[in-house]
Amino acid sequence: MTISVENLETRQVDPTKPLLEVDRLVMHYKIKAGEVSAVEDVTFTVHQGEAVGLVGESGCGKTSVALSLMRLLPNNAEYVSGQIRLDGEDLLQLTDEEMRTRRWKDIAMVFQGAMNSWNPVYRVGDQIREVLDTHFRGQMTYEQQREHMERLFAAVGLPGEMLDRYPHEFSGGMRQRAVIAMALACSPQLIIADEPTTALDVIVQDQILKELKRIQTELGMSIIYISHDIAVIAEVTDSLGVMYAGKLVEYGPTTEVFARPKHPYAYLLLKSTPSITGPRRQLAPLEGEPPDLLAPPTGCRFHPRCPFATERCAIEEPPLADIGGGHRVACWHWEQVPDLEEALLR
Ligand SMILES: Nc1ncnc2c1ncn2[C@@H]1O[C@H](COP(=O)(O)OP(=O)(O)O)[C@@H](O)[C@H]1O
Ligand SMILES: [Mg+2]
């Protein structure tokens, strides 16, 4: 399948320039029983043209981070503290109206499960046209919109005629490609893709990720990939963040985090991930359950499940500290975590 991103707006990127800076973000949900500590002190930076991955078990706060960045949180959510700077400007300080003009144009999102959210009674092209109508009212003629949509479809490997079809005439993979085309519609600087291929079979998943990667690189966009499957996003990201119970516990260059995870959770998670290409990995399951975020453990949130934990871990919370080369780990005992590659070869 060939991809053409011709005629879509491409950006010059300077990979040393930060685009998105998430700075000590804290976000809680209020429920009857109390406060759910879903995003706790999360800090990371996405540079121009960079692909960042966020991984972690279900319920660790990945979608909550994404919705926080989009300012599309449910009503019971509360930003407690922190900043989300896009090109230096704190999105949390914008009015709702200002944020509306930025959303989709500057920062777009492929929602978890979005391929099932197409309205069944409208043609897919008409649904994408609605996004263009909202953001480029009066700036594009009907024909220009059509041309633009055909280019978007070509970019994601769909024939232009499919714009006239209804969602039920698309396969799952095609519906997901169309969702990506919709996210690209306003040429955002940053796309957040929340489990973009989780519901699809492995081959389609692989094709779509590779295409998304290529579009992202060619257009000079930045992207945040979110997945519970570390192996999937390791292939398409430059930097990788591992979340546990609302916290970012490890962050760094993907090659480094993937080969030498130094947070015990990341280490155990990776050790239990079957690798398709590498040596056969011994599957060591992660024992226990993630904590209830209404009453997370004191100190390090991972300490009740951690084989390296000491008394200190239950009392003092380890900071996300740089251990060299931009590799950051929130653990008092990271130096004791074995080398994963060596452990796997043994
Ligand atoms: N609207 C909500 N109200 C209360 N708690 C919520 C809400 N949405 C999510 N949560 C809770 O926040 C935590 C993080 O959820 P989520 O961000 O969806 O995790 P992930 O995407 O990593 O699976 C979970 O404990 C989840 O139950
Ligand atoms: Mg999620």
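An oxygen atom of ligand 1 lies 2.6 Å from a polar backbone atom of Gly59. This is a polar contact, meaning a pair of N or O atoms within 3.5 Å. The model is predicted: local features need pLDDT of at least 70, side-chain atom pairs count only at pLDDT 80 or more, and totals for chains, interfaces and linings use all residues. Residues are numbered from 1 along each chain as its sequence is written, chains are lettered from A and ligands numbered from 1 in written order, and side-chain values use heavy atoms, without hydrogens or water.

**Ligand 1: contacts and cover**

- The side chain of Ser64 has an N or O atom 2.6 Å from an oxygen atom of ligand 1.
- A nitrogen atom of ligand 1 is 3.0 Å from an N or O atom in the side chain of Asn76.
- Alone, ligand 1 exposes 570 Å², and the protein buries 68% of that. Accessible areas come from the Shrake-Rupley method with a 1.4 Å probe.

**Ligand 1: the shell**

- Around ligand 1 there are 15 residues, and Gly59, Lys62, Thr63, Ser64 and Asn76 come nearest. A residue is near if one of its heavy atoms lies within 4 Å.
- Strand S1 (18-31), strand S2 (34-47) and helix H1 (62-70) each supply at least two shell residues. Helices (H or I, at least four residues) and strands (E, at least two) are DSSP runs, numbered from the N terminus.
- H1 gives the most, with three residues.
- The shell holds seven nonpolar, six polar and two charged residues. Asp, Glu, Lys and Arg count as charged; Ala, Val, Leu, Ile, Met, Phe, Trp, Tyr, Cys and Pro count as nonpolar; the others, Gly among them, count as polar.

**The magnesium ion (ligand 2)**

- Thr63 (OG1) and Gln112 (OE1) coordinate the magnesium ion at 2.0 to 2.3 Å. Donors are N, O and S atoms within 2.8 Å of the metal (3.2 Å for Na, K and Ca); water is not among the atoms, so sites may look incomplete.
- The pair links distant parts of the chain, 49 residues apart: Thr63 sits in helix H1, and Gln112 in the loop between strand S6 (107-110) and helix H3 (124-135).
- Thr63 is partly exposed, at 26% relative accessible area. Gln112 is partly exposed too, at 47%. Partly exposed falls between buried (under 20%) and exposed (over 50%), with a 1.4 Å probe and protein chains only.

**The sheet**

- Four strands form an open sheet in the order S2-S1-S4-S5, with antiparallel pairing. Two strands pair if DSSP finds at least two bridges between them.
- S2 and strand S5 (89-90) are the edge strands, each pairing on one side only.
- Ten bridges join S1 and S2 in the antiparallel sense.
- His28 stands opposite Ser37 in S2.

How values were computed. A polar contact is a pair of N or O atoms within 3.5 Å; within protein, one must be able to donate a hydrogen and the other to accept it, and residues adjacent in sequence count only if both atoms are side-chain atoms.
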